[in-house]
Every structure is written in structure tokens, then in C-alpha cells.
Amino acid sequence: MSLPSTDPVVHLLVVGHDEAGRAALVAALAAEACRAALRPALAVQGAAPGQALAAVRADAAVQLVLIDLHQGDEAVALAQALAQCRPELSIYLLLDDDDTRGLVEALASERVDGYFFRGDADPAGWVRILAAEVAETAATPFYDALRAYVAQAKDSWHTPGHAGGDAYRASPWVGDFHDFVGEQMLRADLSVSVPQLDSLLHPTGVIAQAQRLAAQAFGARRTYFATNGTSTSNKVIFQTLLAPGDTLLLDRNCHKSVHHGVILSGARPVYLDSSVNERHGLFGPVPRARVLQAIQDHPEARVLILTSCTYDGLRYELAPIIEAAHAAGIKVIVDEAWYGHARFHPELRPTALEAGADYVTQSTHKVLSAFSQASMIHVNDPGFDEHLFRENFNMHASTSPQYGLIASLDVARRQAVMEGYGLLERSLGFAAELREKIDATGVFRVLGLDELLADEVRSDGIRLDPTKLTIDISASGWGADELRDELIERFNIQIEKNTHSTLTLLLTIGTTRSKVSRLFDAMLRLARQAQKERREPRPAARLPRIPHFTRLACLPRDAFYEAGERLALLDDSGLPNPALVGRVCCDQIVPYPPGIPVLVPGQVVDAAILGYLVRLLQSQRSIELHGLAMRDGEPHLRVLREAERARLRPLDGG
């Protein structure tokens with residue numbers, strides 16, 4: 001399979017039954033493309049209808065398809081199949097007359113980008129139109145405007161204070177920062193004082209154009225750029241859809257930003273326990289039956305939010321869940337922070353948007369090529385209130401956004417559309433290769449889908465994103481923290497995360513052959529060392545089981561904003577403090593990893609939760625406990641005073 005070189009070449013695939021006619025059309029179009037000296041260059045090739053799907057799978061440079069079939073229904077079927085495989089393709093049809101065009105538009109208007117008529121044979125004109133299609137698809141309106149403005153070398157009499165890097169340049173103290181960051185990056189760090197670059201808070205120009213192109217690329221009705229991550233994106237959507245007291249169904253395994261969004265929105269959460277692979281300490285999707293039961297039990301619910309895929313690559317079969325939620329009048333949000341690349345390869349689809357989600361948040365920086373903090377919000381909600389959304393978006397967004405982040409979103413979208421399929425095909429190949437080679441060490445083993453799933457979700461249609469490799473290290477004799485340190489200190493390899501018995505590797509479009517080679521070499525050396533030293537496999541060490549959710553005594557927001565009091569987690573004897581049992585927590589207590597809240601504001605503390613936290617503190621040195629208050633070096637829990645609890649409106653059963 002071919003990938004674009006430094007000088008990109010776009011391939012046009014002409015599809016037709018008549019071999020001689022197809023060859024003549026290919027030759028005519030190729031001659032006109034050569035005469036026009038297009039940039040990027042346009043190469044033309046042909047294929048029979050039965051070969052077309054294989055051709056676009058095998059050649060990532062194919063961006064244009066011209067279907068020359070006399071039967072309208074056959075042309076429509078092929079266009080739909082091609083678009084289903086690679087939705088970023090621009091598909092044109094060669095037609096006999098307007099009657100055929102009417103048929104095509106009725107059946108596949110969203111799949112076809114344009115038409116030519118055989119009776120008006122104009123290869124030169126057709127090439128110009130196709131080249132314009134490529135130019136529109138590959139456009140980066142914001143990045144182009146930013147680059148053009150920087151090239152004009154305007155004197156800066158506005159923010160930011162470093163004035164395009166001039167504050168650093170001649171400084172004996174920080175001049176090295178100028179050299180490290182680079183001239184262009186500093187010149188591009190501009191402010192909202194530059195009208196040519198539009199406003200992220202009220203886009204009407206190049207940012208609006210870039211967002212429209214992103215919506216088209218990702219299959220959304222509308223797309224919004226966010227420069228403070230998916231964390232803030234989730235909160236914006238919550239505040240748009242939820243009023244204080246509204247019921248929200250959420251995966252307990254959601255990112256902490258979702259739980260923060262519960263506090264900010266004033267919503268009443270119904271927490272759904274995730275599936276758990278206890279052997280490896282991995283948390284997966286919520287069982288489908290549990291989600292469907294929650295939808296049935298809470299007809300008042302306004303919103304359901306799920307995470308797909310999970311940190312470890314497990315993705316829901318979303319369509320039946322979304323269908324059930326919509327039937328109950330529930331909006332569906334999907335946190336696709338780790339799955340923003342899925343649209344651009346058929347092995348990874350359907351995406352959440354394709355499955356019917358109303359709102360999707362994506363960390364474009366995690367698996368595509370945007371800068372850190374750069375994310376997108378995609379909207380397909382037919383009842384979308386843009387004014388309300390904009391008010392909430394602007395409440396969280398900075399009035400001084402980093403223009404480099406916006407440009408990186410524009411560029412990341414362009415790369416995903418123009419070469420994402422080829423780069424992901426390469427990444428998937430690397431993933432399969434690493435899986436085979438790591439397994440062959442006889443010491444380390446990449447876990448498959450069946451080994452990652454908990455028993456309760458095996459029949460839920462869950463699939464695995466192959467670009468996330470979870471390596472079982474338990475047979476090696478190495479501890480996970482020890483092995484992680486060996487990789488970084490001896491081999492200069494930084495992994496994504498680890499549990500007590502696994503390492504997680506993330507393959508992206510930036511993964512290269514050299515990196516794959518160095519990683520495997522390191523794993524092989526470590527495996528041989530383990531064998532040479534006769535390291536014994538470590539006994540299966542299991543984290544303490546996370547206790548089930550207890551109940552909410554009040555809304556999380558109400559508990560969070562009370563002053564509360566701080567009680568020690570341990571009593572004078574070093575045992576769990578019994579005075580905490582039955583009290584109401586004011587903060588979110590999150591062991592990391594795995595990052596799942598054990599307590600949320602408003603939740604009642606019981607003996608099981610208290611014992612769990614103490615066991616973590618005393619036995620799991622590599623786990624951080626976020627949310628505890630430290631006083632004189634001792635961990636404390638902020639809980640409601642009894643007078644505060646009595647003053648707050650109780651929930652049912654609270």
C-alpha cells in the first residue's frame with residue numbers, strides 16, 4: 001500500500017465496465033492533469049467495478065473516484081459502498097441525463113459530491129473541478145491566515161507581552177527559551193487584537209470555516225474547536241443540556257471531568273458501575289443490561305454519557321444503547337477522547353456519531369496530530385440550541401486562546417482527511433506486528449479482547465481498538481513500576497500507563513518503523529534478562545475490589561460548596577476512623593490509577609469504602625489518592641457537618 005511522499009500526489013480512480021472506454025478516459029484525464037501542472041499533482045488510474053473497493057483499500061492516496069456506470073442503481077450502490085469504506089473520498093458520477101441524476105440524488109445525495117455528463121465531454125474542465133474539490137478538502141483556512149499574518153511581520157503593540165518573542169530574544173536570562181521554542185511559534189502567539197484571525201468566542205471568519213470543514217470530515221452537523229481539552233468540552237455540554245436537579249445517567253468509569261461537570265451543572269447523577277477485569281485491574285464498559293435497565297428505571301433522565309473507547313481500547317456496541325436512550329427521550333453524549341481517529345479507517349468504525357450519538361467530545365491531540373489541549377466538540381443533536389451552547393462555551397473558554405492550538409486542529413483535520421487512512425493502516429500493521437513479536441518472547445504477552453473483558457460483558461458486542469496494546473508482564477518476574485522505569489532509563493522508551501501487572505502502549509499516526517524496532521528490541525532484551533536471571537513469575541496480585549456505589553444524600557453540587565469539616569481517615573490506633581461511617585463526603589476521592597471515583601460529593605461513606613481507602617494507602621504505594629485533604633501530613637476527608645446536611649435538600653432515600 002502506498003503512502004504520500006513529501007510532495008503529495010492525489011490519485012483519481014476511474015471506475016467503469018468498458019475496459020477500452022475506461023482506458024481512454026484515464027488517458028484523457030491524465031493528459032489534462034499533466035498539462036495543468038496541478039499542485040498537488042493528480043495521478044489517474046482505472047479499475048473495474050468489482051475491483052474498486054479493493055483499490056481504495058490498497059491505495060491510501062486515492063482521494064477522488066469517478067464512477068462511469070450506465071446503470072444508475074449500480075452507480076449508487078458502488079458510491080455507497082466506497083463511502084462506507086472511506087467516507088473522506090470525494091465521489092463523482094458520469095451520467096447520461098438529468099433523469100439519471102434525479103435517481104442518484106434521491107438515493108445517495110449525501111454520498112455523491114458531483115456529476116459530469118457524458119454528452120458534455122470536457123476532460124480539461126473535469127480536471128479543474130476535481131482539482132478544486134481536492135483544494136477545498138485540503139484547505140486549512142485558519143492555519144493559512146495565521147501563517148500569512150506572521151509573514152507580514154507586523155510590529156506588535158498589543159498582547160501578549162513577549163511581543164512576538166522580542167522580550168526573550170536579547171535576554172541573557174531567557175534567550176535560550178526563544179531558541180528552544182522557535183521564531184515562528186513565538187510570532188504566531190498572537191491575541192484577539194488581530195481581526196483577520198477571527199474569534200474563537202464568536203467565529204464568523206477563518207475559524208468558522210475551519211470548523212465547518214472539521215464537521216464535514218468527522219460526520220457532524222456542527223463542530224467546535226476547544227483549546228482547553230476534552231475536560232472542558234464535557235463540562236460545556238453538561239451545562240448546556242442539564243439544569244440543576246436534572247437526572248443524568250453516567251458511567252462511573254467516566255473521566256474526572258464528567259464528575260466535575262456533575263458538580264458544576266447541579267445535576268442529579270445515577271452512577272452505573274463498570275465491568276472490571278480484576279486480575280489486571282482494568283475497568284471496562286458498563287454492561288449493556290445495566291445501561292438499559294437504568295434507562296427503564298429513570299424515565300426522568302435527560303442525558304446519558306458513556307466513554308468509548310476506554311483508556312484500554314474497549315469500545316461499546318453503541319447503536320442499540322443509543323436507540324434505547326433516544327426512544328426514552330434521553331440525549332446521548334459519548335466521550336471519544338481516545339477514539340478521535342476512528343472515522344478514518346473502516347476497521348475502527350462505526351464512530352459514536354455514526355451510531356447516532358447527539359454529542360461527541362474528542363481529544364484530537366491524543367491520537368491525531370493536534371497540540372496538547374486541542375480538542376473538538378461534535379454535535380448531531382437535532383434539537384441543538386446553539387445560543388445556549390455558545391453561552392456555556394464562552395463561560396469556560398479563555399478570551400486569549402492560543403492560536404497555535406487552533407491552527408493545530410485545522411492541520412490535524414487536514415492530515416486525517418488527506419492521509420489518515422494510510423497512516424492508520426500503517427499503525428494497525430505495526431500493532432499486529434508488535435503483538436506477534438511480543439508474544440514470541442515467551443515472557444511478555446499482549447492481551448486480546450477475550451482476556452481484557454470481564455465475564456458480564458462478553459455478550460455485549462464490545463470490540464477492541466488494536467492501536468492500544470495492553471501487555472501482561474506477570475510471567476516476567478518484573479514489577480510493573482520496575483519495568484516501566486527500566487524502559488525509560490535504559491531504553492529511552494516512555495509508555496502510556498501501567499497497572500500492577502500490565503503496561504499499556506499507544507500506537508498513533510506518529511508511530512514509526514524505527515520506534516517499533518526499538519520497542520521490540522527493548523522488550524526482547526528484558527525478556528532474555530528475566531530468563532537469564534531465572535526470575536519467578538509474580539503471584540497474581542489483585543487490587544482491593546472497588547466498593548459498590550452507596551447512595552447520594554444530596555446533590556453533588558450542594559455538598560461540594562459547603563465548608564464541611566475535615567476528619568482524619570485513620571484513628572489514633574492507625575485503623576479506619578469509625579467517625580466517618582455514615583457521613584457525607586464533600587469532595588471527589590479518586591485513586592489513580594485507575595482514576596475511578598470511590599467517593600463523589602454528596603455520597604454517603606460506609607465501612608467498605610473507608611476500609612478500601614485505608615488499604616490503598618497502606619499497601620499500594622504506586623497509587624495516588626486524589627481529593628484527600630492533608631493536615632500535618634495525615635490524610636483527612638472533608639465531610640458535611642450535621643447542621644449543613646440538615647439544611648440541604650435531601651434526595652429520595654437520603
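1. Helix 10, in this predicted model, runs over residues 206-218. At 1.5 Å a residue, its 13 residues should span 18 Å, and the end C-alpha atoms are 18 Å apart, which agrees.

2. Helix 10 is mostly covered, with 10 of its 13 residues buried. Among the buried residues are Val-206, Ile-207, Leu-213 and Phe-218, as well as the polar Gln-211. The cover over the buried residues of helix 10 includes helix 5 (123-137), helix 6 (141-151) and helix 17 (403-439). Strand 6 (222-226), strand 14 (359-362) and strand 15 (375-379) are also included in that cover. Just after helix 10, Gly-219 takes a positive phi of about 80°.

3. Helix 11 comprises residues 229-241. Because 12 of the 13 residues are buried, helix 11 is largely enclosed by the rest of the structure. The buried residues of helix 11 include Lys-235, Asn-234 and Gln-239, together with Val-236, Ile-237 and Phe-238.

4. Arg-86 deserves a separate entry. Arg-86 sits in the loop between helix 3 (72-85) and strand 4 (90-95). Its relative accessible area is 1%, so Arg-86 counts as buried. The Arg-86 side chain reaches the backbone oxygen of Asp-59 at 3.2 Å, and a polar atom of that side chain lies 2.8 Å from the backbone oxygen of Val-62. Leaving aside neighbours within four places in sequence, the contacts of Arg-86 include Val-56, Ala-60 and Gln-63, and also Arg-349 and Tyr-421.

5. Two cis peptide bonds may be checked by the reader. One joins Arg-39 and Pro-40, with omega about 5°; Pro-40 lies in the loop between helix 1 (19-36) and strand 2 (41-47). Another runs from Thr-159 to Pro-160, with omega near 0°. Pro-160 is placed in the loop between helix 6 and helix 7 (166-169).

6. Which residues other than glycine have a positive phi? Ala-37 has a phi of about 50° and is found in the loop between helix 1 and strand 2. With a relative accessible area of 51%, Ala-37 is exposed. Arg-534 has a phi near 55° and lies in the loop between helix 20 (513-532) and helix 21 (556-560). Arg-534 is also exposed, at 70% relative accessibility.

How values were computed. Residues numbered from 1 in each chain as written. Heavy atoms only, no water. Helix = DSSP H or I, 4+ residues; strand = E, 2+ residues; numbered from the N terminus. Expected span 1.5 Å × (residues − 1). Buried < 20%, exposed > 50% of the residue type's maximum accessible area, 1.4 Å probe, protein only. Polar contact = N/O pair within 3.5 Å; in protein donor to acceptor, adjacent residues only side chain to side chain. Contact = heavy atoms within 4.5 Å.
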